[in-house]
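Here is a short report on a protein model with its sequence. Read it with the structure open beside you.

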Amino acid sequence: MAQLDLSEILDTVPYAVFIKDSQHRWVYGNAAFRELIGDDFLGKDDRDLFGEEQVQVFWREDARVFAGEESLNEEEIGENRFAITKKVPFKLPDGTTGLLGIIIDYIATSSGELDKKVPAVDLGGFEPQMTALKRRLEEALREKNLAIEVAYTDAATGLRNRHGLEADLARQIAVADQTGRPFALALLDLDNFKRINDRFGHAAGDEVLKVIGRRLKEIPSVISVGRIGGDEFAIITEKIDQTDEARNERLERLRQIIFRPIFAGDRELQISGSAGVCIYPADASTGSELLSRADMALFSAKRSDQFSAKIFDSATLVAYQRRIQIEEKLPEAIRNGDIVPVYQPIVSSTTRRAVGVEVLARWRNEDLGLVSPDEFISTATDIGVIGKLDRAIFSQAMHDTRAWLENGQIDFVSLNASPMDVVSPGYAADFLRRLKEAGISPDHICLEILESSIVEDVSSARRNLGKLRDAGVEIALDDYGTGYSNLRALLDMPLDKLKIDKSLVWGIEKDDKVLDLVISLVQLGRALELTTVAEGVETNAQSAFIEGAGCPELQGYLFCKPQSRAALDEWFATQAPAAEGSGESLKSPV
Amino acid sequence: MQPSLENVREAARLHCLRRMKILDSASDDAFDAITRAAARHFQTPIALVSLVDEKRQWFKSRVGLDVCETDREHSFCAHAVAMRDMFIVEDAQKDPRFQANPLVTGPPFIRFYAGAPINVNGYDLGTLCVIDTEPRTFSAVEQRELKRMAHLAKRQIKLKARMAGLEPVQALAPE
């Protein structure tokens, strides 16, 4: 019998056989092995094929074999691909100890399920034989799936966590690419979650999260629901409406489903929030882009007062980028004094002469153009520089307005108080101290506050405002007639003035009900001894109706827009002398 | 003789006016704001809140006029009340109804008149009117504005009545 060729024998074996030297380098591989990893393997090692973690697993096993043990191990050699390898010590020709390995079974599974075996390499048509090993493999896989499940699940709610949602997003993108069906990612954010946690405890907070999660799951046609941040939820749905109207209707229904009060213990908690929506593939092409753009839409939705939902569009992106730029440039703008006070007169409706000025802030930037206070004040609040900005505007304004007050051109200067200030302890004392430093009497100051700033903490607000008022500062409730405009606020707060919001002023020409409402507000003001001021007066007809309704003070572009000190000096000069007063428009004085 | 429907209606209107207890009352900032605003807005020397009584018209508020009442016979406002609608005379000297009117031929020498009824509980109690000594036209927009300002006067009358605890008069016609 002729000598058998050992290498031919080994090449015929339908299992991959290989030999490694003591440095883990492959020094031999049979045909099945070459089939598995390619011809060019001599002298290479696992690091050329596998990730670092995997290599460490292999080499730990290898080390045991080099030390003289045998090993039988299942090893993950790729995404859901497993090999069962027998390794034995092997004496190499140079006397060192390497190892000989035989891959005796090989299983590939799709999407983590073990029901479907797809050998990536042709193992000669052999079905896996070793049922005991297979069982062990199945267990390992189950554990792995469980681990994945745990890693993808939010413990508090049982929903997907951020990882899980990202995985679902990736899968849904694959589905959408295959089927051509678009899908939507919606992010939701609760308004007052932190407050609920702080005030009613974490148990109440957790209950809120669970209930919201349940409600989200109940939404028909939802594919995946995740909690991806403290109070931030995400849903994936394939149901996408074609028209804006249908979309808005759907969002409104969603709102009704999600933002109902929640009962935690014996408490009824009011829930509100915002939503941002982004659609694949129309608005974004990757999972992370979907998330970030839905987040932008959410952000822009949150800017509005009550529940609102925003669907991502190019305007959202532009607004978001602008916001980022504002955030970047704001601190420097404050340092450089680029944000300056401007002044808008408030006139008497009888004489149409200025009785006071409201201090507003203006920021003109080379790149951003004119940045409105709505934009930069909210940003300044968010990034914590509002205090600095307020102080800068305050001292400049006190400097600028002093002459007008001294000349009797105006009686008062009206300043806007930031919502945080009004409720922070010691604000009143600090404000009065700064007034004193500026040498301005509190009698000449009116402080405009927003209703929203006092609902946070009525008692702190009342303490601050009471103290200021006792010192002579007038308190004005700003923008009355927007948002909720609680009547109770008029009683709870020490107030001197009520500023009727421009939205009401603008409606007065067209809408009988608005006219009635404004008349009623003025009458209400009279009854409560509040001076009413109409904001945003832009036309003669508006001013006539407002004056006719008995509102004593007016403010708006019709009289003068917000101006720099120099420009307003000129405006004062053009005003008719006091003696002619209200008669200026009459043809013959009475 | 059967009283005519007109007479019945006029009696009810006068009843409503008296129930408001506004005739011969003291001057009032709320009404003065309305006439002042009207005179300013329409740029007329005279603006009135005029209430049409049985024999006279009495001015609850007036800008540019010294007398507090005139007789009903020569009243422009009585026409508006009778018509129950906006009443405009662009040039009284050319209008046969008013050419010989002593308010036209003598002080305050009315040439232009525009009055919008003040309707309370279905009755036109008087008008908010603007008067000029020069002829002029009055656009549709201006008419609408004057009507809305008359609405302000109506609200004030109702408010005063309510604050005085007077029962609202049953409406004969819807407002």
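## Confidence in the model

Contact means heavy atoms within 4.5 Å. Residues 111-130 of chain A also have a pLDDT below 50. Beyond near neighbours in sequence, that stretch has 34 contacts in the model.

This is a predicted model, in which local features need pLDDT of at least 70 and side-chain atom pairs count only at pLDDT 80 or more, while totals for chains, interfaces and linings use all residues. Residues are numbered from 1 along each chain as its sequence is written, chains are lettered from A and ligands numbered from 1 in the order in which they are written, and side-chain values use heavy atoms, with hydrogens and water left out.

The mean pLDDT of chain A is 83. In chain A, 89% of residues reach 70 or more. Confidence in chain A is lowest in strand β12 (residues 308-311), with a mean of 68. It is highest in strand β21 (residues 553-555), at 97. Helices (H or I, at least four residues) and strands (E, at least two) are DSSP runs, numbered from the N terminus.

## Chain B in outline

Chain B has five helices and six strands. From the N terminus on, its elements run α-α-β-β-β-α-β-α-β-β-α. Of the 175 residues in chain B, 55% are buried. Buried means under 20% relative accessible area, exposed means over 50%, and partly exposed lies in between (1.4 Å probe, protein chains only).

Now look at contacts in chain B with a separation of 6 or more. Residues 24 or more positions apart account for 61% of them.

## Salt bridges within the chains

Side chains of opposite charge can pair when their charged atoms come close. A salt bridge is a side-chain nitrogen of Lys or Arg within 4 Å of a carboxyl oxygen of Asp or Glu. Over all chains, the structure holds 46 salt bridges. One of them joins A:Glu61 and A:Arg64, with the closest N and O atoms 3.0 Å apart. Both residues lie in helix α3 (residues 52-66) of chain A. They are three residues apart, about one turn of the helix. A:Glu61 counts as buried because its relative accessibility is 11%. A:Arg64 counts as partly exposed, at 36%.

In chain B, B:Arg56 forms a salt bridge with B:Asp24 (2.9 Å, N to O). This pair links distant parts of the chain, 32 residues apart. B:Arg56 is in strand β2 (residues 56-63), and B:Asp24 is in the loop between α1 (5-19) and α2 (29-42). B:Arg56 is buried, at 16% relative accessibility, whereas B:Asp24 is exposed, at 52%. B:Arg56 also forms a salt bridge with B:Glu69, the closest N and O atoms being 2.6 Å apart. B:Glu69 lies in strand β3 (residues 69-71), 13 residues from B:Arg56. B:Glu69 counts as partly exposed, at 35%. A network of salt bridges links B:Arg18, B:Asp24, B:Asp53, B:Glu54, B:Arg56 and B:Glu69.

## Where the chains meet

How many residues does each chain bring to the contact? Chain A gives 28 and chain B gives 24. Together the two chains bury about 2,200 Å², 54% of it on carbon and sulfur atoms. Buried area is the accessible area (1.4 Å probe) that two parts lose on being put together, summed over both.

Four salt bridges are counted between chain A and chain B. One pairs A:Glu547 with B:Arg40, the closest N and O atoms being 2.9 Å apart. On the side of chain A that touches chain B, α19 (512-527) and α20 (540-548) each supply at least two residues. The largest share, seven residues, comes from α19(A).

## A buried threonine

A:Thr379 sits in helix α11 (residues 373-382) of chain A. Is A:Thr379 buried or exposed? A:Thr379 is buried, because its relative accessible area is 1%. Leaving aside neighbours within four places in sequence, A:Thr379 is in contact with A:Arg323, A:Ile326, A:Glu327 and A:Leu330.

Note on methods: pLDDT = per-residue confidence, 0-100.
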